[in-house]
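Subject: Structure handover

Hello,

Here is the structure for you to open alongside this note. My findings follow below it.

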Amino acid sequence: MGDAADHSPDHALKFHAAHRRVEIPPPETFPESLGNTLKEILFPDDPLRQLRKAVLGLQYVFPILDWAPKYNLDLFKSDFMAGITIASLAVPQGISYAKLAYLPPVLGLYSSFVPPLIYAVMGSSRDVAVGTVAVGSLLMGTMLNPMVDHIQQPELYLHLAFTATLFAGIFNASLGIFRLGFIVDLLSHAAIVGFMGGAATVVCLQQLKGFLSLDTFTHATDVVSVMRSVFGQTHHWRWESAVLGFIFLMYLLSARYCSKKRPKLFWVSAMAPLISVILGSLFAFLTHSDTHGVQVIGQLKKGINPISITDFIFDSKYLSGTIKTCVVTGMIALAEGIAVGRSFAMFKNYNIDGNKEMVAFGMMNIVGASTSCYLTAGPFSRSAVNFNAGCKTAVSNIVMAFAVMMTLLFLTPLFHYTPLVVLSSIIVSAMIGLFDYEAAIRLWHVDKFDFLVCIAAYIGVVFFDIQLGLLLAVGLSVLRILMFVARPRTMAMDNIPDSKIYRSVHQYRNANTSPGILILEIDSPIYFINSNYLREKISRWVDDEEGKLKSANNPHLEYVVLNMTGVGNIDTSGITMLKEVKKVMERRVVVANPNGEVMKKMNRSELLEEIGEEWVFVSVGEAVGACNYLLHAYKANMGAVELDSHMFV
């Protein structure tokens, strides 16, 4: 039935002589093919083009060498103001976030001194402000503390934190050097929204210890354990600390609201944490509130970062846990830092290199771990202040680093009376910005599955464990990818009226049908994971179309046109599937618009010979035109045969 239209060879030869043939790319040897494939996977942006000369190579590795010769006084004025502004935020935030990681508060200041200098030399973003991050700090604390108790063995815990930071730096730098940044993309936007919201909830719940001035508190992060710990110590609650914390939290949130409503007043929100620390310290000093249940920081070590390169611990007893910590914290730090850098680069219309950023983050953590720093990245809150303060280059990070250095050298004794509840207020106010409920609402309206990923990540973090929440988020994101690949879309197409364009009949209901021809679009590469599904799907489409034609008393289905525009690649399972479809189906299979890679594999597997080169077309329009031509020619011949038979009778 399907080959009936092929019995007009004169017409077919005339038509195929006129239509444009799809050319087969020149053959490649296996080493050439493998080399080109690896180059496309690992070096899609051809980074070595800048390394052809030594100067360009140095500029690639150290971007500061590219923009520093063009630096001028006007740029420095803007960067100086931005640097001083973010330094006022870095000092209280650094002290606060170190507390989340169960580390000495001074380490938060150390981590705002050395790493920003490294990033200023190697980073490609003009707006990222480097420092400690709340989620990374919390992750490090919750993952290291089960191995070594920070209260009973503080020195060992500190050394493990340095080791985890070193491994995180090596992990980050390796991803950038080997061009494996796509691994970070396993954390989808929906997963990040849910995970960050859950982490912010956990961080806020942990601050109840500071607000209520509790001496003991659970190390678990799930909401049930935290609530049990809080309400199990009601007789230890200190109302003085709670009232003080509530006052400063209201002040910080009011400053944040003011800056959000009037962006020109960004400095109000930026200066609020430092003002809170100053006012809180003065209040505690003048009222001796530390004797009335309000806990204070105490003595901070004076001086710049001591060398810690000899403090690394590679004992097999702790190695697996340390590596696990480095992978989780490193992934989260990279995801946040690169996302922040790209967001602000978009506003200023410049590009950042994701792989360069990974190397820069890795090197600053490697050097940082050797100089008494713990995990650093590009926190959103600090980078937003840097952006709004008018920074022009990474020099703002250098200015911030020197401001922190002056604090370490001369001002650390002033933080002795800083109430811990003020630091808790600063953390809570910063975490509120991570509750992106508007993004969650958009996910619900746009894609329900993405919303499910978001909610699952949030619930996993809040009600179970941060690591489980992260694993759940990554797992659901990978499942989404597998669903897209394993169950690709196939759709029937037809011609849009008064045009040569073919689109989905589901989207364009008024499309002109082509009697006797079924046009199917495959919207995915054809791999082993989806080849059986596609075989069954094509068969169902053919059966459904045949049923529609019979019910409408239309001609039989003669041609099945496979539009392979969306088929980026095909493997041997896909080739076998197409051969089986060609063999089993009682219709002519026509292929439209296969790309070069698909054509090469069809040619090598002899599938092209089985289908026939004359049945492979550059576009759907030409394929349909050829089919219609032959259908009409066949009808004309059949009409002539019937007329001759009547005359003979």
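**Salt bridges**

D447, D450 and R480 are linked in a network of salt bridges. A salt bridge here is a side-chain nitrogen of Lys or Arg within 4 Å of a carboxyl oxygen of Asp or Glu. By that rule the count is 8.

Before the details, two notes on the source. This is a predicted model, so local features need pLDDT of at least 70 and side-chain atom pairs count only at pLDDT 80 or more, while totals for chains, interfaces and linings use all residues. Residues are numbered from 1 along each chain as its sequence is written, and side-chain values use heavy atoms, with hydrogens and water left out.

D450 and R480 meet through their side chains at 2.9 Å, N to O. The pair links distant parts of the chain: D450 is in helix α21 (residues 448-464) and R480 is in helix α22 (residues 466-486), 30 residues apart. Helices (H or I, at least four residues) and strands (E, at least two) are DSSP runs, numbered from the N terminus.

How enclosed are these side chains? D450 is partly exposed at 23%. R480 is buried at 16%.

Next, D523 forms a salt bridge with R489, and the closest N and O atoms are 2.5 Å apart. D523 lies in the loop between β3 (517-522) and α23 (531-551), and R489 lies in the loop between α22 and β1 (490-495), so the pair ties together parts that are 34 residues apart in sequence. D523 is partly exposed, at 31% relative accessibility. R489 is exposed, at 53%.

A further salt bridge joins the side chains of E546 and R587, at 2.7 Å, N to O. It also links distant parts of the chain: E546 is in helix α23, and R587 is in the loop between α24 (572-584) and β5 (588-592), 41 residues apart. E546 is buried, with a relative accessible area of 8%. R587 is buried as well, at 14%.

**The sheet**

An open sheet of 6 strands has the order β2-β1-β3-β4-β5-β6, and its pairing is mixed. Two strands pair if DSSP finds at least two bridges between them. The edge strands are β2 (502-504) and β6 (616-617), and each pairs on one side only.

β1 and β2 run antiparallel and are joined by 3 bridges. M493 has S504 in β2 as its bridge partner. Strand β4 (residues 559-563) and β5 run parallel, with 5 bridges between them. There, V561 has V590 in β5 as its bridge partner.

Is β5 enclosed or open? 5 of the 5 residues of β5 are buried, so the strand is largely enclosed by the rest of the structure. Both of its faces are covered: R588, V590 and A592 are buried on one side, and V589 and V591 are buried on the other. In a regular strand the side chains alternate between the two faces of the sheet.

**Cores**

A nonpolar core is a set of buried Ala, Val, Leu, Ile, Met, Phe, Trp, Tyr and Cys residues joined through side-chain atoms within 4.5 Å. The largest has 119 residues, and those with the most contacts inside it are F195, Y374 and M431. A second, separate core of 48 residues includes I517, I519, V581 and M602.

Contact means heavy atoms within 4.5 Å. Leaving aside neighbours within four places in sequence, Y374 has contacts that include Y97, L107, M140 and N365.

**Rings**

Rings of Phe, Tyr and Trp (its six-membered ring) pair if their centres lie within 6.5 Å; planes under 30 degrees apart count as stacked, over 60 as edge-to-face and the rest as tilted. The count is 12 aromatic pairs. Ring pairs link F344, F347, F380 and F387 into a cluster.

A charge sits over a ring if NZ of Lys or CZ of Arg is within 6 Å of the ring centre and within 35 degrees of the ring normal. R126 lies over the face of Y350, 4.0 Å from the ring centre. K448 lies over the face of W444, at 4.6 Å.

S531 is in helix α23. It is buried, with a relative accessible area of 5%. S531 and R228 are 303 residues apart in sequence and 52 Å apart in space, C-alpha to C-alpha.

Best wishes

Definitions and conventions. Buried means under 20% relative accessible area, exposed over 50%, partly exposed in between (1.4 Å probe, protein chains only).
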